[in-house]
Amino acid sequence: MLGDVTQTTRSPADRDGTRHEGRGDDRNGDRRTASEAPRRPARRRVHRAWIVAVVTFVTIIGGAAFNSLPGLLIDPLHTEFGWSRGEIGLAVSIDMALYGLTAPFAAALMDRFGIRRVVVVALGAVAAGALASVWMTASWQLMIYWGLLVGLGTGSMALAFSATVTNRWFVARRGLVTGILTAAGASGQLVFLPLCAWIVSEHGWRPASVTVGLAALVVVPFVWLLLHDHPADVGLAPYGGAYVEKPAPERGAAGRAVRVLVDAARTGPFWLLAGTFAICGASTNGLIRTHFVPSAHDHGMPITAAASLLAVIGIFDVIGTIFSGWLTDRFDARRLLAVYYALRGISLLFLPMLMAPTVRPPMVFFIVFYGLDWVATVPPTLALCRERYGKDSAIVFGWVLASHQVGAALVAFLGGVARDAFGSYDVVWYASGALCATAALMALVIRRSREPEDAVAAAG
């Protein structure tokens, strides 16, 4: 796969697509045509775009490592410092909110300052937050280290990062690369959750935080040396495309992001899409990723076992997202969203009955189902954005994604408050199930565009 399109560095004279024929001389000095000259087998080289894609994949994994920690550290921090779960949940909610609110501007920062610089600073912020937390003694420090630093860092490496790399370095295989890079977050969860859970159980929360900080720092040299901003920087054409000059730095992209938000906010479908996606974030990142492990631990399940179950979600997350994309090409996106949210809500209503000290088949079934449904909502939501908002759909989706993280942030905080108030998470599961039912109804009333074909065409 990596070698089916071979592109090497070309001089400016060669960039017009002309091809120079080889020549050969016989022993008497007579010239032979290229067709008569002996041909050497073509040497296949891996296009540098694939190296950039691999570095991007590893970078997203390194940045996503921190997302594995919050659910594992709620109980240890509560035990050691006496902080309420609401205080700890507030720090997590700040992180999630900044992750979402930074995403619409991340692409603008990369256009202005370059991918490499932005990503190196982002990884440094994640590492600084994770490492500094080892010495914290007050809850306000948790808000700064986990909330502010890590939130800004991980938000700068959200979907805008993978989208920018894909758009610049690939013409062919864009869909494949997008799917692979989107799966990097789930892969990071799969790698780091069991590892961090074992470290927390055996050595405490501080070594786990140090591990996450070092994981971010280890990636920095590879990013600086191998993650070039544009193919033209190394004299290459994008993979599967023609050579293009590197564009001048964009200075007005951030302003455009705000203008698109203002225009979209005047339409009803935007608020319905943002509302449903906020509930999606509330019932995934804010609820399951943050509170599943401490809730299972409340019922006597070891942290390592609960974290392993959460890691399994990452496997089925990839399968469910790909299958949902296939369905979105064939069925009404609104009805798909309604089905996804309705089934998710029903499953949450049954979750309190599945909690037990040991892992049983019904719990495994829940984990598999929830993994399939985890981000299955993304393809139909993006399709509706394309249909309604045409060429501005990518930016509109960025703001809808921000609502996803705001919803996650609220439930990360309120879930901890509810646990402090009621002594269990049961009310959180039931309330989230009701929210998902509301999202299903909201999805059904989203109006279809009168000219969907034109809108999609305008989106390119």
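# Rings, charges and contacts

Me: Starting with the rings, how many aromatic pairs does the count come to?
Reply: The count comes to 9 aromatic pairs, where rings of Phe, Tyr and Trp (its six-membered ring) pair if their centres lie within 6.5 Å, with planes under 30 degrees apart counting as stacked, those over 60 as edge-to-face and the rest as tilted. One of these is the edge-to-face pair of Trp50 and Tyr239, at 5.2 Å centre to centre and with 75° between the planes. That pair links distant parts of the chain, since Trp50 is in helix H1 and Tyr239 is in the loop between H8 and helix H9 (253-264), 189 residues apart.

Me: Before I go on, what kind of model is this?
Reply: It is a predicted model, in which local features need pLDDT of at least 70 and side-chain atom pairs count only at pLDDT 80 or more, while totals for chains, interfaces and linings use all residues. Residues are numbered from 1 along each chain as its sequence is written, and side-chain values use heavy atoms, with hydrogens and water left out.

Me: Which residues form the nonpolar patch on the surface?
Reply: The patch consists of Val46, Ile51, Val218, Phe222, Trp224, Leu225 and Leu226, which together have about 670 Å² of accessible area. Patches are made of residues with over 30% relative accessible area and no salt bridge, with like charges joined within 9 Å and nonpolar side chains (Val, Leu, Ile, Met, Phe, Trp, Tyr) within 5 Å. Helix H8 (residues 205-226) gives the most to this patch, with 5 residues. Val46 lies in the loop between strand E2 (31-32) and helix H1 (48-64), and Val46 is partly exposed, with a relative accessible area of 48%.

Me: What lies over the face of Trp224?
Reply: Arg116 does, at 4.8 Å from the ring centre, and a charge sits over a ring if NZ of Lys or CZ of Arg is within 6 Å of the ring centre and within 35 degrees of the ring normal. The charged end of Arg344 likewise sits over the ring of Tyr370, 5.9 Å from its centre.

Me: New topic: how many salt bridges does the structure hold?
Reply: The structure holds 6 salt bridges, each being a side-chain nitrogen of Lys or Arg within 4 Å of a carboxyl oxygen of Asp or Glu. Among them is the one between Glu80 and Arg206, whose closest N and O atoms are 2.7 Å apart. This pair links distant parts of the chain, with Glu80 in helix H2 (residues 70-81) and Arg206 in helix H8, 126 residues apart. Glu80 is partly exposed at 40% relative accessible area, and Arg206 is partly exposed at 29%.

Me: What does Arg344 form a salt bridge with?
Reply: Its partner is Asp373, with the closest N and O atoms 2.8 Å apart. Arg344 lies in helix H13 (residues 333-354) and Asp373 in helix H14 (residues 361-373), so the pair ties together parts that are 29 residues apart in sequence. Both Arg344 and Asp373 are buried.

Me: Last one: where does Ile446 lie?
Reply: Ile446 lies in the loop between helix H17 (426-444) and helix H18 (452-459), and Ile446 is buried, with a relative accessible area of 1%. Leaving aside neighbours within four places in sequence, Ile446 is in contact with Pro269, Leu272, Leu273, Arg334 and Leu384, where contact means heavy atoms within 4.5 Å.

How values were computed: Accessible areas come from the Shrake-Rupley method with a 1.4 Å probe; for residues, only the protein chains shown count as cover. Helices (H or I, at least four residues) and strands (E, at least two) are DSSP runs, numbered from the N terminus. Buried means under 20% relative accessible area, exposed over 50%, partly exposed in between (1.4 Å probe, protein chains only).
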